[in-house]
Amino acid sequence: MVNYKDLGLVNTREMFKKAIAGGYAIPAFNFNTMEQMQAIVQAAVETKSPVIMQVSKGARNYANATILRYMAEGAVAYAKELGCEKPEIVLHLDHGDSFELCKDCIDMGFSSVMYDGSSLPYEENIKISRQVVEYAHKYDVTVECELGVLAGVEDEVASEVSHYTKPEEVIDFATRTGCDSLAISIGTSHGAYKFKPEQCTRDPKTGKLVPPPLAFDVLAEIEKKLPGFPIVLHGSSSVPQEEVDTINQYGGKLPDAVGIPEEQLRKAAKSAVCKINIDSDSRLAMTAAIRKYLAEHPDHFDPRQYLKPARENMKKMYIHKIVDVLGSDNKLG
Ligand code: 13P
């Protein structure tokens, strides 16, 4: 059993309180590789931002849970080495699908876990969420739970259709589970194909898809029911069209990839939404840089040569999100 405090990590409690009061959101970036971890830490240190580094079940399968845990511990040391005296880094389990998985992460030093029972019947979701909360709180680990279903595919989580969170359920759910934050569904979606073309309109000038707006009325109703309670948005990549274009230009094939417009995320960040999950944008930034580099340097084969621009491109994207979209820069301490 390792407690996250011994690894220099923090939980989300104070972070979320300050974010709600200050009208900004904490970035929750997924990571699977060393380059992603380095880019996240560099971006957070340069902007003086708190950050949530999150690990999905798919990331654990890909990289190995122990390695990821040590990478997060390394992230704290790296941030200090880069000149940040008191980094605020959360190691979070994204989409935990069982009590056992959440417990395993808590026992190995995670400071925050998500139990996602959103696809289960309501009472079952409450029961397991409550069980996770009871265990986590013994170690001061914070817990995110979910109500409502997001469409899209993310690692092992997939759903064809979305169901908005029902505002009339949130008080009962938050009270009975004791969760520290609530992930809701208001129209965001996992992956790089968030909307089907028939759900969108098309910009006549560029031919690009224009997605439907998020359900801010549902968010407002939830906020009214749970004033000041931390709300989380999953599936919040913007799918930058310049990265999609670069990928397509250099041999990729991502037709009609579309995300959540950044102005809408900025608007959400000013409300009780205090954690915004971004994964696909990092995948796109990495792939675009690697495709471009390899196309322009067909004789290169050292991974360091193409992973360096990939890391730079991800860092640029993370800084942009922190400063221009979520507003979490200069919020340490
Ligand atoms: P994106 O696919 O929009 O990046 O969402 C990631 C996410 O919500 C992780 O839980």
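This is a predicted model: local features need pLDDT of at least 70, side-chain atom pairs count only at pLDDT 80 or more; totals for chains, interfaces and linings use all residues.
Two strands are said to pair if DSSP finds at least two bridges between them. Strand β8, residues 181–184, and strand β12, residues 231–233, run parallel and are joined by three bridges. Within that pairing, L182 has I231 of β12 as its bridge partner.

This pair belongs to a closed barrel of eight strands, in the order β1-β2-β3-β4-β5-β8-β12-β13, with parallel pairing. From one strand to the next, the twist averages 25°.

I turn next to strand β3. Eight of the eight residues of β3 are buried, so the strand is largely enclosed by the rest of the structure. On one pairing, β2 and β3 run in the parallel sense over six bridges, and S56 has D94 of β3 as its bridge partner. β3 is also joined to strand β4, residues 112–115, by three bridges, again in parallel; here L93 is partnered with V113 of β4. Between β3 and β4 the chain passes through helix α5, residues 99–107, in a β-α-β crossover that is right-handed.

Finally, I come to helix α7, residues 170–177. Which residues of helix α7 are buried? They are V170, F173, A174 and T177. Viewed down the axis of α7, these buried residues fall within an arc of 90°, so they line one face of the helix. They pack against α6 (122–138), β5 (142–147), β8 and α8 (216–225). After α7 comes G178, with a positive phi near 75°.

Technical notes:
Residues are numbered from 1 along each chain as its sequence is written. Side-chain values use heavy atoms; hydrogens and water are left out. Helices (H or I, at least four residues) and strands (E, at least two) are DSSP runs, numbered from the N terminus. Axes are lines fitted to C-alpha atoms, for helices over the stretch in contact, and angles run from 0 to 180 degrees between N-to-C directions. Buried means under 20% relative accessible area, exposed over 50%, partly exposed in between (1.4 Å probe, protein chains only). The arc is that of the directions from the helix axis to the C-beta atoms. Contact means heavy atoms within 4.5 Å. A crossover is right-handed if, with the strands pointing away from the viewer, the path from the first strand over the helix to the second runs clockwise.
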